[in-house]
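Colleague: Hi! Could you walk me through this one? I'm still learning how to read these.

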Amino acid sequence: MGIVAGLDSSSGFTRIVVCDADTGAVLRQGCAPHPVEPKATDIDPQAWLLSLGEAATGGLLEGVQAIGVSAQQHGLITLDAHGAPVRPAMLGNDKRAQAAAADLIDALGGRQAWAEAVGSVPQAGQPVAKLRWLARAEPDAARRVAAVMQPHDWLVWQLLGRPARRTTDRGGASGTGYWSAGTGAYRSDLVELALGQQCTLPEVLGPAEAAGTTPEGLLISAGTGETMAAAFGLGVAVGDAVVSLGASGSVMAVHHEALPDPSGTITSFADATGMHLPVVHTLNAVRALRGSAELLGVADLSELSALALKSTPGSSGLVLLPYLEGERTPQLPHTAGTLTGLRRESMKPEHLARASFEGMLCSLADAMDVLRRRGVEVRRVFLLGAAAELPAVQALAPAIFGAQVVVPQPADYAALGAARQAAWALGAAQGTLSPQAPPAWQGAAAQVFEPGEELAVGQAVRQQYGATRDQIHPGAFDATP
């Protein structure tokens with residue numbers, strides 16, 4: 001069918017992959033950093049274009065017929081009546097809108113009202129909270145806002161030459177706080193509630209629709225958020241969950257319907273294929289491993305992993321509740337971590353090392369159970385992040401999660417997902433692909449681990465962990481669905 005490209009504009013870099021449209025084979029790739037401060041919360045969006053241009057040098061896009069765009073989520077670009085930015089873009093890591101998010105919850109009548117309206121409860125990172133903050137903190141700028149976009153919307157618009165029509169996709173729209181994944185419609189009244197006035201919102205495209213064609217004939221697909229693009233690039237489907245192991249953690253899964261949640265534990269995104277992508281976050285994942293490594297005086301996580309494998313399942317009775325920074329799942333924002341089961345025979349480095357791995361994985365299994373209790377099927381778990389390569393994680397995770405575990409080889413999965421979307425839009429436009437069926441690219445190369453005979457052992461570890469959690473934090477999950 002031809003050659004397509006996917007670009008991912010993350011928080012720090014632009015990554016571009018050029019792929020065979022039929023197979024997904026990567027033909028060439030490029031990368032460039034954004035010319036911004038690493039922890040900036042306000043930036044000039046032109047920096048993303050500069051990075052894009054640098055990443056695409058050397059004829060990288062020669063012969064490309066279609067491009068898909070993935071970008072960091074929850075950013076907000078406010079435009080005036082002439083299409084110029086009212087102020088610098090506000091990024092997803094911006095925490096200034098925490099009070100604004102709480103204010104919005106009360107203004108609509110509580111968490112239940114928001115869950116019914118858009119399937120999620122406002123969080124500080126979401127555009128709806130940023131609009132409320134803008135209206136309160138910078139009222140003069142707020143009054144000039146005529147249109148709003150997110151990073152991937154803005155990049156698509158720029159690639160198309162800033163046409164009158166502005167677009168987004170279901171995945172990006174589902175993270176705004178004013179579009180419902182359940183109904184597939186905007187709640188413009190929530191924009192007015194946040195900003196104090198109406199403004200133009202981008203048209204929401206279907207998964208295989210094109211945003212437009214450049215004057216040179218290059219087709220630009222709808223684009224999507226980074227989370228949705230990565231899931232699409234991995235090739236996850238119903239029955240699959242993705243566990244991300246960063247300092248904090250997350251569990252997301254493909255599901256056939258939106259999962260509104262008044263507690264705010266589940267964030268109900270749409271995915272890039274027409275399905276849904278509910279996500280549950282934890283505040284503590286690899287940070288618990290790093291804390292244990294520092295406490296034990298080991299050099300790195302690889303050494304901690306080797307030490308942990310010298311212990312036995314259950315860590316000789318040691319249980320670590322890894323709520324070191326408070327916790328979001330369960331909702332214990334002001335708590336601290338807990339280590340229990342200290343006896344003379346358990347006070348050995350290898351037992352604490354293993355307890356830190358078991359505690360991290362059991363906490364993520366708790367998050368996965370939030371989805372399972374809502375009917376989400378999990379037969380296979382994709383593990384992402386550098387910690388997924390640790391032997392202790394690979395040895396313990398299948399039995400604790402109770403599912404096959406897949407550890408994909410490191411790759412730019414968000415950029416690959418954007419390229420796959422471009423191939424889908426190109427095929428649909430040419431009549432060679434159905435708008436209902438994406439191209440069947442080869443899945444990610446990966447290691448696969450089965451729970452096997454260790455399943456009962458893993459469930460016993462979870463029971464020990466759960467009993468400790470319930471004793472110290474009784475009713476912690478009562479508010480979750």
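Predicted model: local features only at pLDDT ≥ 70, side-chain atom pairs only at ≥ 80, totals over all residues.

**Cavities, pockets and rings**

Colleague: How many cavities of 30 Å³ or more does the structure hold?

Modeller: It holds five of them.

Colleague: And which residues line the largest cavity?

Modeller: The lining includes A71, Q72, Q73 and H74, and also Q150, P151 and H152. G171, G172, G175, T224 and G225 belong to it too. Helix α6, α7 (170-173) and β15 (224-225) are the elements that each give two or more residues to this lining.

Colleague: What classes of residue are in that lining?

Modeller: There are 10 polar residues and two nonpolar ones, with no charged residues.

Colleague: Nice. What about pockets: how much space lies in the second largest pocket?

Modeller: About 400 Å³. It is lined by 21 residues, and the closest to its centre are L416, Q442, G443, A444 and A445.

Colleague: Which elements give two or more residues to that lining?

Modeller: Those are β3 (26-33), α9 and α14. Of these, α14 gives the most, with three residues.

Colleague: And how do the lining residues divide by class?

Modeller: For the second largest pocket, 11 are nonpolar, eight are polar and two are charged.

Colleague: Changing topic: how many aromatic pairs does a search of the whole structure find?

Modeller: Three. In one of them, the ring centres of W48 and W154 are 5.9 Å apart and the planes meet at 75°, so this pair is edge-to-face.

Colleague: Where do W48 and W154 sit in the chain?

Modeller: W48 is in helix α1 (residues 46-55) and W154 is in helix α6 (residues 151-159).

Colleague: What kind of aromatic pair do F232 and W424 form?

Modeller: A tilted one, with 6.0 Å from centre to centre and 40° between the planes. This pair also links distant parts of the chain: F232 belongs to helix α9 (residues 226-234) and W424 to helix α14 (residues 413-430), 192 residues apart.

Colleague: Why do F232 and W424 count as buried?

Modeller: Buried means under 20% relative accessible area. F232 has 4%, so it is buried. W424 has 0%, so it is buried as well.

Colleague: Got it. What lies over the face of W133?

Modeller: That's R96, at 4.5 Å from the ring centre.

Colleague: One more residue: where is A102, and how exposed is it?

Modeller: A102 is in helix α2 (residues 98-108). Its relative accessible area is 38%, so A102 is partly exposed. The C-alpha atoms of A102 and A231 are separated by 30 Å, and these two residues are 129 apart along the chain.

Notes: Residues numbered from 1 in each chain as written. Heavy atoms only, no water. Phe/Tyr/Trp six-rings, centres within 6.5 Å; stacked < 30°, edge-to-face > 60°. Helix = DSSP H or I, 4+ residues; strand = E, 2+ residues; numbered from the N terminus. Buried < 20%, exposed > 50% of the residue type's maximum accessible area, 1.4 Å probe, protein only. Lys NZ or Arg CZ within 6 Å of the ring centre and 35° of its normal. 1 Å grid on protein atoms, 1.4 Å probe; cavity = no way out; pocket = protein on both sides within 12 Å on 5 of 7 lines; lining within 4 Å. Points joined across faces, edges and corners; volume = space filled by probe spheres on them. Nonpolar A, V, L, I, M, F, W, Y, C, P; charged D, E, K, R; others polar.
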